[in-house]
Amino acid sequence: MNALQIRNLRKKFGGLLATQDVSFDVARGSLTALIGPNGAGKTTLFNLITNLFPADSGSVHFDDHQLTGLSPSQIAKLGVIRTFQSARVFPGMTVLENALAGRHRLLKHGLASQLFWLPASRREEKALAEQAMALLDLVDLADQAHRPATDLPMGEQKLLEVIRALMAQPRLLLLDEPAAGLNDTETAELSALLRAIQACGVTVLVVEHNMSLVMTIADQVIVLEAGRMIARGSPAEVQADRRVITAYLGEEAI
Amino acid sequence: MNGFIQIVLGGVLQGSIYAMLALGFSLVFRVTGVINLAQGGFCTLGALIVYTLQSEMHLPVALAAAISVVITTLAAGVLGRVLFVPGLTRLTNSNMLMLTAGILTMLEGLVLVIWGSQPYALTPFSGERPWHMGPILVQPQGVWVMGVALIGILALAWMLMRTRLGQWLRACAENPMAARLIGANVPQLQLFAFALAGAIGAIAGIVVAPAIALEFDTGRLLTISGFIAVAIGGIASFPGAIVGGLLLGLVNQLGTAYVSSLFSNALSLGLLLLVLVVRPAGLFRSGVMKRIDVREEARVWQHVTRITSKGAWRWGGVAVLAGLTLPYLMDESLLGSAIITLILFLTLIGQDMLMGYAGQISLGQAGFMAVGGYTSSYLVTNQDWHAVPAIGVGIVFSLAASAILAGVTLRLRGLYMALATLAFGLLVDSCTVGFDDITGGPSGMVGIPDLDLFGYDIDTSAKMYFVVLTLVVLTLVAISGAMRSGFGRALQAIRTDPLAAAALGVNVTGCKMAAFAMSAAIASVAGSLYAFQFHFLAPEMVGAPRSLELVSMLVIGGEGTLIGPLFGAALLTILPTLFQPLAIYKTFASGALLAGFALYLPQGMFGLLLRLVRGKRA
């Protein structure tokens, strides 16, 4: 059963064909890695799925919903949550507040109950804070919960962004280079976290350059080059693919 | 037909001044990415220096003008060196806007201190007798205006296109980082652009001064006109600035001639809104594409001021106790100041939610005070309504105004909303003066009765104080409830990164509109209380200067803290009362404090206080 279906996506920036007729499926509960050289169109693909800008043609389906034409926040409300390549924690907010901000789409008690300090709303806030602290603890950020988020080193900001995405209880999680800028310990933490996420039944699509990470955690690997999909398959299959080796190392290497 | 040509000619005249100002805007914007609200302030300064040189030292106009341009440019250079350029490396674009608002207020305050608040007019350069060109009458000063504008525009174009300096400036505009790499001294170029814009302002002010009466606050009108011109033309485009200026001048003159002088401002605003809706980038696009999936601003909101919930209750309790005992310790005039402080603080709670939390700058918050104040006092005074339903109607009108304004501007990028609110404030100003049947015109609305709460007459200052205090506390508790929950987090997320917020499912436009509407409603109530407190309401009490003062109070007190603005409001309200002789320096001081706090103490007095208290304990 497929969670995500991408059909013939195409996007042109001026004269540059950033995405050319890309089609693939992502099975529910699986972890798919998107790899390719810089400029291959991986982040563009994320931006098309979450509709930060519209595709020129093609379609994206998530479960029974057509995502094409929905706004980024409508797409998020369906449970499609993404992170960004450069960590985008919210400045001017603490680590804990950043994590809590992820839950926005699922808050039960709205503005009116918040204004009147209704007990139900206060209880919800308290329960969420506990949950967020538990998640922050997974990546060793709990003791920094009340520091400004932008005081964290870059690696921890990226982990915080993943936690924020998890607070949104995603059904499809799109991670854009989560391991970039992480040290070895943090990468190990991330890898464990990704496995745990997958074990919870969340479908994950991840753009990543760290090949050892990709090859150990991915069920499916999709290789993009210059906007085109040049290979897809299991990590082992992709590693043996001639075109992939050419794309990464050039003709000479073969 | 002759009449029509006459009016078109007048429009071109007026438009050429707007075009010059618009060029100043465009220049600074292209080189620094900042909308420089101080632009119009230099016009007034330049023109009044000429006035003094002519009347005190009897210098010929050409010499006086030359000296004045030099002085004004130097002043701009100093302000640029001390405030503007340092701000560019550490403030967000929206805080830069406040910084320039601070510089504008400082310039106005300076003019107020030196020249007072009466209007001035220079003598026309070539006499007052109009020249006849066939059947058309031409004012000689008009020829001066057009000629100087034309020469100024051509000289600027030559400088930008043909000189090495111009090349550097354009490089800096295209890509400051790259310009730096190839050896441009970027801060120096930015300073140069700011000072040059000051010179342009001075020249425009000097030639236009014989045609219009100048007062200390004429600068802001020129700023807004110049801005409307660039917004119409396309902010980053030089030809756009010129076309926008001329178009605005024409619309203004035709509107004044064929509709009413009252509505010429409204027509300019209408033109601006129309362009913003149909072509948000202006008539001439600059063709610069930006990646939207990368955060636009490198410089962001950095500080976090938080108090623990235990601390909030404890200190809140102390503050309420102090608030309850204060009226027994104060004399009548101090109590009056305390009431005004609280009323302004009430407005600021809403404004802080909008600006401090959601990051949406409002430079027209007093406009909503005016809508509320005039509506409720008219209904109570002239229609014998009860106060409470009358205040309610005021809220409804303010909500409607905010919905219209937000509907038009919120979808637009960045600072357009800030400038639309400034225009809104000025529009309300011209309406309060113009609709004199209802508002009493410039002399104000008199005979407003005591506030009457369901038959209970609030007839003493002490009673009024407690009514206002109760409202302030209730509003503060309610808004802080929302700010420490989901809504507050959504607003703060939107403040720095609306795109990442949307990617988490936050309805960005909806949240901004809710914050805007709530702040408008609160300001409306505050405006009504203000009118009932004074039993009188005049346009300048709730006009554009008040809006800028509110911004000063907010920034000085500390944005994004809800409590902080109380300190700013108290400082700027109670100090001038205590030290009456210094009151004339108030405008200057509030501008200087605004600019200084925006630059050096972004967490405001409240943040500073908190740091001191915590520092001691640690």
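**Ground rules.** Residues count from 1 along each chain as its sequence is written, while chains are lettered from A and ligands numbered from 1 in the order in which they are written. As the model is predicted, local features need pLDDT of at least 70 and side-chain atom pairs count only at pLDDT 80 or more, but totals for chains, interfaces and linings use all residues.

**Entry 1: chain B against chain A.** I looked up the contact (C-beta atoms, placed from the backbone, within 7 Å) and found 36 residues from chain A and 34 from chain B. On chain B's side, helix 18 (461-483), helix 19 (486-496), helix 20 (498-502) and helix 21 (508-534) each give at least two residues. Helices here are DSSP runs of H or I, at least four residues long, numbered from the N terminus. Which helix of chain B has the largest share? It's helix 19, with 8 residues. I sorted that side by class too: 18 nonpolar, 10 polar and 6 charged. Nonpolar covers Ala, Val, Leu, Ile, Met, Phe, Trp, Tyr, Cys and Pro; charged is Asp, Glu, Lys and Arg; the others, Gly among them, are polar.

**Entry 2: inside chain B.** Chain B splits into domain 1 (2-120 + 134-278) and domain 2 (330-542), with bounds from an automatic or database domain assignment. Their C-alpha centres lie 31 Å apart. In chain B, 17 residues of domain 1 touch 17 of domain 2. On the domain 1 side, helix 4 (93-115), helix 9 (218-233) and helix 11 (264-278) each supply at least two residues, and helix 11 has the largest share, 7 residues. I noted 14 nonpolar, 3 polar and no charged residues on that domain 1 side.

Notes: Contact = placed C-beta atoms within 7 Å.
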